[in-house]
Amino acid sequence: MTDSTPTDSTTVPEPVVVDPTVVQNQCEQQQNQENQENQQQQSQAEGFKMDQEMKITDSTDDGGLLESSMRLKPHEAQSYRKKALWVSWVSIVITIILAIVAFTVSIMRHSASAFGFAFDAALDVLSSIIVLWRYSNAAAVHSAHREYIACVILGVIFILSSLCIMGKAIHDLATRLLPEVDDFLFSVSIVSGIVCISLAVVKFMLGRVLTSRALITDGFNSLVGGIMGFSILVSAEVFKHEPQVWYLDGSIGILIGLIILAYGVKLLVDMVPRIRQTRNYERFE
């Protein structure tokens, strides 16, 4: 019989030497992977947020609402609506007075610019009345359909008034009608210019908050009236010192008429298709 030596089952494994640089690299790799995953999650969240915002915007447009419905709280919208109504009433009263005075000046002093301003003041009265109708219904403060109807009416009025202003200015130029200059004309032009520009600034601010093209158009009309008020002063002063430049007054009237005409045509081109798109949302009326 041969003696068999028993095998040692408890062999001690050799110690493993760990390189610290390897561990550091592995940690860095894991950290980079975590950063990439976080960035992907953030990008997905941002993309989801943008998609949601686009869906909200689309649903707002499809629902016949203006952009102000997304930015203003209900009580804020009603507060600005009331301010728009107050400004419109003040504008109506003031521009009626200015229109009467300017028509009187244009007849007494044979001024085409004064007639143009008077006609623009009358147009401002009509545009303010349209704004009153636009915001008369509290439930329709964000109604796009009501907004576009008001803008189309304003566009038609702008075109008609521009034709009258240019017709009067062309007639004065053709008949060589010379304006008469005095202190009364100066005072009317200065007061009219300051008042109309002040009204225009307030209307622009309210129109921007309410995203109302009708209010902005009303403000544009007031701005044109202010410019025409000062143009009376300029043309009269030039004629006083340079009588040979008698045609400046009529030329300014034609220029203002062309500006109003272009704005009116642009309103119709922009707003008529939108009325058709939002005609199914007349519930806001």
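1. Buried here means under 20% relative accessible area, with exposed over 50% and partly exposed in between (1.4 Å probe, protein chains only). By that cut-off, 39% of the 285 residues of the protein chain are buried. This is a predicted model, in which local features need pLDDT of at least 70 and side-chain atom pairs count only at pLDDT 80 or more, while totals for chains, interfaces and linings use all residues. Residues are numbered from 1 along each chain as its sequence is written, and side-chain values use heavy atoms, with hydrogens and water left out.

2. The protein chain has eight helices and zero strands, in the order α-α-α-α-α-α-α-α along the sequence. Helices (H or I, at least four residues) and strands (E, at least two) are DSSP runs, numbered from the N terminus. Contact means heavy atoms within 4.5 Å. Of the contacts in the protein chain with a separation of 6 or more, 82% join residues 24 or more positions apart. The accessible surface (Shrake-Rupley method, 1.4 Å probe) is about 16,400 Å², and carbon and sulfur atoms hold 63% of that area.

3. Helix α7 (residues 213-241) and helix α8 (residues 248-277) have axes that come within 9 Å and cross at roughly 170°. Helix α7 is therefore roughly antiparallel to α8, a label for angles over 145 degrees. Axes are lines fitted to C-alpha atoms, for helices over the stretch in contact, and angles run from 0 to 180 degrees between N-to-C directions. The contact of α7 with α8 has 13 nonpolar, three polar and four charged residues. Among them are Phe-220, Val-224 and Met-228 in α7, and Ile-256, Ile-260 and Tyr-263 in α8. In this classing, Ala, Val, Leu, Ile, Met, Phe, Trp, Tyr, Cys and Pro count as nonpolar, Asp, Glu, Lys and Arg as charged, and the others, Gly among them, as polar.

4. A nonpolar core is a set of buried Ala, Val, Leu, Ile, Met, Phe, Trp, Tyr and Cys residues joined through side-chain atoms within 4.5 Å. The largest has 34 residues, and those with the most contacts inside it are Phe-117, Phe-158, Val-224, Ile-256 and Ile-260. Two or more residues each come from α3 (74-109), α4, α5 (144-174), α6 (183-209), α7 and α8. Helix α5 gives the largest share, nine residues. Beyond its neighbours within four places in sequence, Ile-260 is in contact with residues including Asp-120, Leu-123, Phe-158 and Val-224. A second, separate core of 14 residues includes Ile-92, Val-131, Leu-210 and Leu-215.

5. Val-125 is in helix α4 (residues 112-134) and counts as buried because its relative accessibility is 11%. Not counting residues up to four places away in sequence, Val-125 touches Ile-92, Thr-95 and Ile-96. Val-125 and Ile-94, 31 residues apart in sequence, are 8.8 Å apart from C-alpha to C-alpha.

6. Leaving aside neighbours within four places in sequence, Ala-77 is in contact with Leu-72, Val-141, His-142 and Leu-210. Ala-77 and Val-209 are 132 residues apart in sequence and 8.9 Å apart, C-alpha to C-alpha. Ser-106, also found in α3, is buried at a relative accessible area of 7%.

7. Thr-211, in the loop between α6 and α7, has a positive phi near 45° and is not glycine. Most residues other than glycine have a negative phi.

Definitions and conventions: Parallel < 35°, antiparallel > 145°, perpendicular 65-115°, else oblique.
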